[in-house]
Amino acid sequence: MERKLKHVEIPSSEITPYNLYLSRRDFLKTAGIVSATAFLTACGLNLPSTTASGTAFPTGTPTQSPPVPDSGQGQTTDELGNPLNTLDQITNYNNYYEFSTGKEGVNPLSKDFKTTPWAVEVGGLVQNPKTYALEDLFKFEQKERIYRLRCVEAWSMVIPWTGFQLSDLLDEVQPMTSAKYVHFITLMDRAQMPGEGNPLYPWPYSEGLRLDEAMQRLTIIATGLYGQPLPNPDGAPLRLVVPWKYGFKSIKAIVKIELTETQPETMWNDISPNEYGFYSNVNPNVDHPRWSQATERRIGELSRRPTLMFNGYNDEVASLYTGMDLRADY
Amino acid sequence: MPTISLPKPRITWLQVTTHILGWLPLAWILFDYFTGRLSVNPIQDIEQRLGRIGVYFLIGTLACTPLSTLFGWREFLKRRRALGLYSFLHVSLHVMVFVDLDYGFNLSQVYALVTEKLYLVVGTIALLILIPLAVTSFDYFIHRMGRNWKRLHWLIYPAAILSLLHYALAQKGDLFTLRGNILKPFLLGILLILLFILRIPSLRRWLSGFRSKLTVRTHHLPQAHKITPG
């Protein structure tokens, strides 16, 4: 009898403290309510604005747009007048296969992801290779940037990021003249990121940019959004944001940045090179080989809207690609 | 030979289960809608769920014959029609959501997509096959069409393959190199192949022969059932 009882005993380390358990339940409850209201508001209120915006953005005609301001503090729209997506939308609909291939599965699975201590190794073809602790990176001027994020799956959001320009970091480590590309690598930690055990993907996640793309002022390393530290499902503690490229280029949970001479291997390009090019610039005129990229659904809206060339950042980034055939270099 | 037995007005539990299963997914979607459990991209959420459920029912329809071969339970065969029609119901709703909610009845855009994009070409062919199958599913047509009914309904095989291909091609990943987000359609494909293998006539004969041998053996030991565990 005594033996039997001993057998079922649970070590105290495995018992969730009651207050933690309660707060979890509370979170789930509020999350449910918030998403319910978000959905209802989305249906009820955004319908007229959707139809209006349909006429405001004709396909493929990039109108002269104001440059993206450095400080979007307190603003409720991007520079084109698009309203921000809610924090609830931004943190509950994520493509982050390290945690889950289900977009709603990422949030719960990333809840306990450990982001401190965190270090980023910056090396390769640079004069001053350096490993930065997360805190060190806050010495670079933190800016607020409201960007549109366009996923290759044809949905999009408007997100108020905070972060620093990647160019500030690169200026400090000083790329050598032979450096042509920047390679980014995500944390590899199967214990925390269960998706990295999935053998159908060449882990760890990695991405790359041409050096001039990396130096462009719109390219940032985000450390937060909505004025708070970057939420786990969005790539905490720091991620790349390249707003004129499809979302998968904006790699999350970066631990390594390496300057290279040759074009680096990137994960989706490795999986399916004819579908996910190295450049992957948002381009309504060049379809993904399997689906159209001409339109997108803004999260929170009911009808589709036309996708803009370079995701609406044509004026600021088109010059990076002069003379290039964007159909060949997709 | 058409296997039409005289209808006995008797409700079986398999029948009840089939119909509960048939309406459960829609009830679930409605529940999620009204309680705010759909994703923040609700149209796509509903659209993809309906499509997946349509494929599940299609595979369920094709599982009836192998299940009856394996277990010698002919009642599975009587549930085929209902399962097939539940598949068609979900596929139709899936297409309606695509045309209406997703593309806002922009028919020229829908037409362009359906003719240009492989996954949509494949899916559309599957739909065009399923329509006449659903229409001719009534007893009236079974009697009237005779031999041709079976010939026409043989098309469920290509329809199932194309539906699954449509699903796989819409995923981010590569079905042929087995990389990316293709695990689900891949496993469903294996299941479909297994179901096809179980239809090979010689294997079927062997299986039913094997089963009747088993049945004979158990009949020799009638007491065995009565022994209660101590």
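The model is predicted, and local features are reported at pLDDT of at least 70, side-chain atom pairs at pLDDT 80 or more, while totals for chains, interfaces and linings use all residues. Residues are numbered from 1 along each chain as its sequence is written, chains are lettered from A and ligands numbered from 1 in the order in which they are written, and side-chain values use heavy atoms, with hydrogens and water left out.

Helices (H or I, at least four residues) and strands (E, at least two residues) are DSSP runs, numbered from the N terminus. Five strands of chain A form an open sheet with mixed pairing, in the order β2-β1-β10-β5-β6. Two strands pair if DSSP finds at least two bridges between them. The edges of this sheet are β2 (130-133) and β6 of chain A, each of which pairs on one side only. From one strand to the next, the twist averages 15°. Strand β1 (residues 119-124) of chain A runs antiparallel to β2(A), and four bridges join the two. Within β2(A), K130(A) is the residue that stands opposite V122(A).

A helix accompanies these strands. Helix α5 (residues 166-173) of chain A lies across β1, β2, β5 and β10 (254-260) of chain A, and runs at about 135° to β2(A). For such angles, axes are lines fitted to C-alpha atoms, for helices over the stretch in contact, and the angles run from 0 to 180 degrees between N-to-C directions. Contact means heavy atoms within 4.5 Å.

The aromatic residues come next. A pair of aromatic rings is described by the distance of the centres and the angle of the planes. Rings of Phe, Tyr and Trp (its six-membered ring) pair if their centres lie within 6.5 Å; planes under 30 degrees apart count as stacked, over 60 as edge-to-face and the rest as tilted. Over all chains, a search of the whole structure finds 27 aromatic pairs. One of them joins Y97(A) and W268(A) edge-to-face, at 5.8 Å centre to centre and with 75° between the planes. Y97(A) belongs to the loop between α3 (87-92) and α4 (106-110) of chain A, and W268(A) to helix α7 (residues 267-271) of chain A, so the pair ties together parts that are 171 residues apart in sequence. Y97(A) is buried, because its relative accessible area is 8%, and buried means under 20%, exposed over 50% and partly exposed in between (1.4 Å probe, protein chains only). W268(A) also counts as buried, at 3% relative accessibility.

W268(A) has an edge-to-face pair with Y201(A) as well, at 6.1 Å centre to centre and 80° between the planes. This pair links distant parts of the chain, 67 residues apart, since Y201(A) is in the loop between β5 (181-186) and β6 (206-210) of chain A and W268(A) is in helix α7 of chain A. Y201(A) is buried, with a relative accessible area of 5%. Y97(A), Y201(A) and W268(A) belong to one aromatic cluster, which also includes W203(A), F248(A) and Y276(A).

Charged residues also lie over rings. A charge sits over a ring if NZ of Lys or CZ of Arg is within 6 Å of the ring centre and within 35 degrees of the ring normal. R148(A) lies over the face of Y313(A), at 4.2 Å from the ring centre, and K252(A) lies over the face of Y96(A), at 4.9 Å from the ring centre.

The peptide bond from T116(A) to P117(A) is cis, with omega near -5°, and P117(A) is found in the loop between α4 and β1 of chain A. Another cis peptide bond joins W203(A) and P204(A), with omega about -5°; P204(A) is in the loop between β5 and β6 of chain A. A154(A), which is not a glycine, has a positive phi near 75°. This residue lies in the loop between β3 (143-150) and β4 (155-165) of chain A, and A154(A) counts as buried at 9% relative accessibility.

Chain B contains 11 helices and two strands. Of its 230 residues, 41% count as buried.
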